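Thank you all for making time this morning.

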Protein chains: 2
Amino acid sequence: MAQKRLGKQTIVFQNPPSIIATATIVGPKEGDGPLKDYFDLILDDDLWGESSWEKTEAKLQQEAVKLALTNAKKVTTDVDYLFAGDLLNQIISSSYAARELKIPFFGLYGACSTKTESLSLGAMAIDGGFADIVVCVTSSHFSTAERQYRFPLEHGNQRPLTAQWTVTGAGASVLSSSGNGPYITHVTTGRIIDPGIVNANNMGPAMAPAAADTIIRHFKDTGFKPEDYDLIITGDLATVGKEIAQELMAKEGYDISNIFMDCGIEIFDAERQDTHAGGSGCGCSAVVFAGYLYKALKAGKYKRIMLVSTGALLSPTIVQQGESIPGIAHAVTISTEK
Amino acid sequence: MAQKRLGKQTIVFQNPPSIIATATIVGPKEGDGPLKDYFDLILDDDLWGESSWEKTEAKLQQEAVKLALTNAKKVTTDVDYLFAGDLLNQIISSSYAARELKIPFFGLYGACSTKTESLSLGAMAIDGGFADIVVCVTSSHFSTAERQYRFPLEHGNQRPLTAQWTVTGAGASVLSSSGNGPYITHVTTGRIIDPGIVNANNMGPAMAPAAADTIIRHFKDTGFKPEDYDLIITGDLATVGKEIAQELMAKEGYDISNIFMDCGIEIFDAERQDTHAGGSGCGCSAVVFAGYLYKALKAGKYKRIMLVSTGALLSPTIVQQGESIPGIAHAVTISTEK
């Protein structure tokens with residue numbers, strides 16, 4: 001049975017699922033950033049006609065899925081499964097979106113690693129023969145995340161330079177058993193690693209060891225080397241975490257410095273937009289992938305990339321009880337060739 | 001590719017995964033209930049030596065997984081994936097358990113439907129050829145759930161008769177590509193249905209329409225009839241929800257009354273234990289399945305059952321904003337024969 005497994009944590013698909021379409025919807029700040037030309041829809045304000053930010057975030061997911069399906073020339077009844085998650089307690093953005101979409105629904109929680117968690121399970125459902133079409137969607141919203149995880153926005157606290165800026169946006173990907181790519185060829189599923197960080201305004205270092213562990217594991221499991229990739233891009237390590245991850249990998253003999261990017265760094269112009277260490281959130285790698293990276297793959301700019309969404313499993317309740325913040329990272333290889 | 005699909009929402013496995021072992025750990029109240037003889041470990045108190053109930057619940061999951069692996073004569077490094085979830089914000093019981101277990105981890109959230117969500121995805125991972133051994137675990141804890149979803153325990157509010165009692169317990173199941181059963185043969189994945197309930201002390205009616213929808217869908221997709229099952233058992237509809245679900249199915253021509261049970265009703269003696277409508281929580285169907293049902297299948301008391309864990313996706317944040325509580329239910333067929 002296990003011929004699809006490579007090493008300890010990696011699987012290789014026999015019939016790699018094709019990502020046949022994507023869609024992205026982002027907030028005004030993201031739409032003012034360096035990747036603005038790659039998003040499908042940029043909102044004028046962060047409420048989008050709703051009465052609360054939570055309702056807005058659910059609408060972001062719902063409309064991103066609908067737009068991705070339109071881009072794929074499909075309708076909701078064509079979809080076998082929806083794999084979705086977000087940062088909010090009880091993943092309400094996903095479940096209220098799924099309520100409207102009426103697609104059989106698997107709810108996921110991996111903090112900001114949820115984007116590649118959803119792509120991993122979605123691709124397994126297709127390659128396993130259980131689905132023809134699945135949609136994978138994740139989101140985040142600056143205003144819902146800040147008040148849940150940190151401080152009320154009205155409090156106006158000063159953000160330290162290690163802080164990251166939660167991305168307002170949703171990114172949806174439509175995976176199919178047929179299509180012309182790009183294809184999901186490999187999945188390396190992460191383990192939880194906890195370096196002992198307790199500061200909710202310093203998430204990069206909490207995730208960096210998990211990212212390094214998953215990427216190194218991927219190389220060991222597959223036999224790939226850094227030069228086999230055009231790009232390795234983490235979710236939201238941002239400037240502080242990216243440097244740590246790069247050092248941890250170098251110590252193990254893996255120099256990926258010339259192909260290493262981070263979605264959290266790419267999405268904002270940190271200096272002009274005052275976002276400090278960079279972007280974060282389930283929406284961060286979701287819109288960078290579904291916007292910029294997907295289009296760059298389609299255009300032939302990249303042939304094979306590794307997307308490594310990174311999650312800091314921050315819980316205010318248990319951190320207040322003295323616990324530290326565990327990290328996790330899931331890697332997905334996306335290639336223009338099967 | 002889609003030969004494993006039946007109808008709109010059901011899959012049938014070609015090589016049905018075998019549930020080779022289970023383990024259950026429950027609190028004192030559950031250990032005083034009608035199913036006490038079927039649990040592996042009954043705690044003397046609800047803290048188990050920890051300094052908070054949240055840390056206790058993480059320990060429940062962690063130790064249930066270890067015990068299930070011992071029962072399966074396996075160790076953590078034999079396990080390809082851990083599929084886990086719970087009721088707490090950021091599913092901390094699962095992620096802190098996964099931190100200690102160091103198994104590649106997929107975090108799930110489906111409220112009390114998470115038990116069958118984990119069995120569905122775990123079985124798909126095995127039948128799809130992506131794993132030889134997976135562990136599926138979920139938990140809940142009365143004291144962590146009450147204070148997160150309803151009132152501080154110190155408040156001492158009176159519980160209405162429609163209220164359910166969150167089960168303190170964790171149930172783990174070890175699935176394997178080989179073994180002598182019982183086997184997971186079919187999975188019917190639910191859609192979200194929202195009947196408009198807004199009362200956090202009346203969860204049964206919020207879930208009943210979703211349970212009826214998934215069970216009816218299962219019959220339509222598979223061609224099975226109620227008489228093909230020895231038992232159809234929902235997660236935690238409890239007395240109020242079970243009656244509604246049964247009526248909804250009867251209206252569609254499916255009379256399952258003589259084989260219909262509910263884990264939430266079975267786990268407590270409502271009158272003697274003062275639990276009102278019945279038990280609830282991710283731990284409810286987890287320990288009733290991994291305790292009583294698994295052993296009844298092994299003993300030949302049942303040959304084919306349908307386990308339908310039911311989730312009320314209650315979010316205090318968005319209910320306070322005027323939203324209602326969506327329900328979802330995932331069905332898994334478990335049979336002593338492939």
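**Core, copies and local geometry**

Let me begin inside: this is a predicted model, and its largest nonpolar core has 230 residues, among which A:Val134 and B:Val134 touch the most other members. If we take the copy in chain B and leave aside neighbours within four places in sequence, B:Val134 is in contact with B:Val79, B:Asp80, B:Tyr81 and B:Phe83, and also with B:Gly122, B:Ala125, B:Ile126 and B:Leu175. As general background, nonpolar side chains in soluble globular proteins tend to be buried together.

Next, the relation between the chains. Chain A can be laid on chain B by a turn of 180° with a shift of 0.0 Å along the axis, and the RMSD of that superposition is 0.0 Å. The two copies are therefore related as by a two-fold rotation axis.

How many residues of each chain are in contact with the other chain? On the side of chain A there are 52, and they are in contact with 51 residues of chain B. The elements of chain A that give two or more residues to this side are α1 (53–71), α2 (92–101), β6 (105–108), α3 (114–127) and α10 (316–319). By residue class, the side of chain A that touches chain B divides into 24 nonpolar, 17 polar and eleven charged residues. Of the interface residues of chain A, 98% are also interface residues in chain B, so the copies meet through the same surface.

I turn now to two helices, starting with α6 of chain B, residues 238–251. The buried residues of α6(B) are B:Ala238, B:Gly241, B:Lys242, B:Ala245, B:Gln246 and B:Met249. Seen down the helix axis, these buried residues fall within an arc of 135°, so they line one face of α6(B). They pack against α5 (203–222), β11 (231–234), β12 (260–262), α7 (263–266) and β13 (279–280) of chain B, while the face turned away from the buried side carries the exposed residues B:Glu247 and B:Lys251. After α6(B) comes B:Gly253, with a positive phi near 90°.

The other helix is α5 of chain A, residues 203–222, which has 20 residues and reaches 29 Å from its first C-alpha to its last, close to the 28 Å expected at 1.5 Å a residue. This helix, α5(A), is mostly covered, with 16 of its 20 residues buried, and it is followed by A:Gly223, whose phi is positive, near 80°.

The loop between β5 (81–86) and α2 (92–101) of chain B contains B:Gln90, a residue other than glycine with a positive phi, near 60°. B:Ile91 lies in the loop between β5 and α2 of chain B, and its phi is also positive, near 30°. Are these residues buried or exposed? B:Gln90 is buried, with 30 other C-beta atoms within 10 Å, and B:Ile91 is buried with 29.

Note on methods. Residues numbered from 1 in each chain as written. Chains lettered and ligands numbered in written order. Predicted model: local features only at pLDDT ≥ 70, side-chain atom pairs only at ≥ 80, totals over all residues. Contact = placed C-beta atoms within 7 Å. Helix = DSSP H or I, 4+ residues; strand = E, 2+ residues; numbered from the N terminus. Nonpolar A, V, L, I, M, F, W, Y, C, P; charged D, E, K, R; others polar. Buried ≥ 20, exposed ≤ 12 C-beta atoms within 10 Å, placed from the backbone. Arc of directions from axis to C-beta. Expected span 1.5 Å × (residues − 1). Least-squares fit on C-alpha atoms with pLDDT ≥ 70 in both. Core = buried A, V, L, I, M, F, W, Y, C linked by C-beta atoms within 7 Å.
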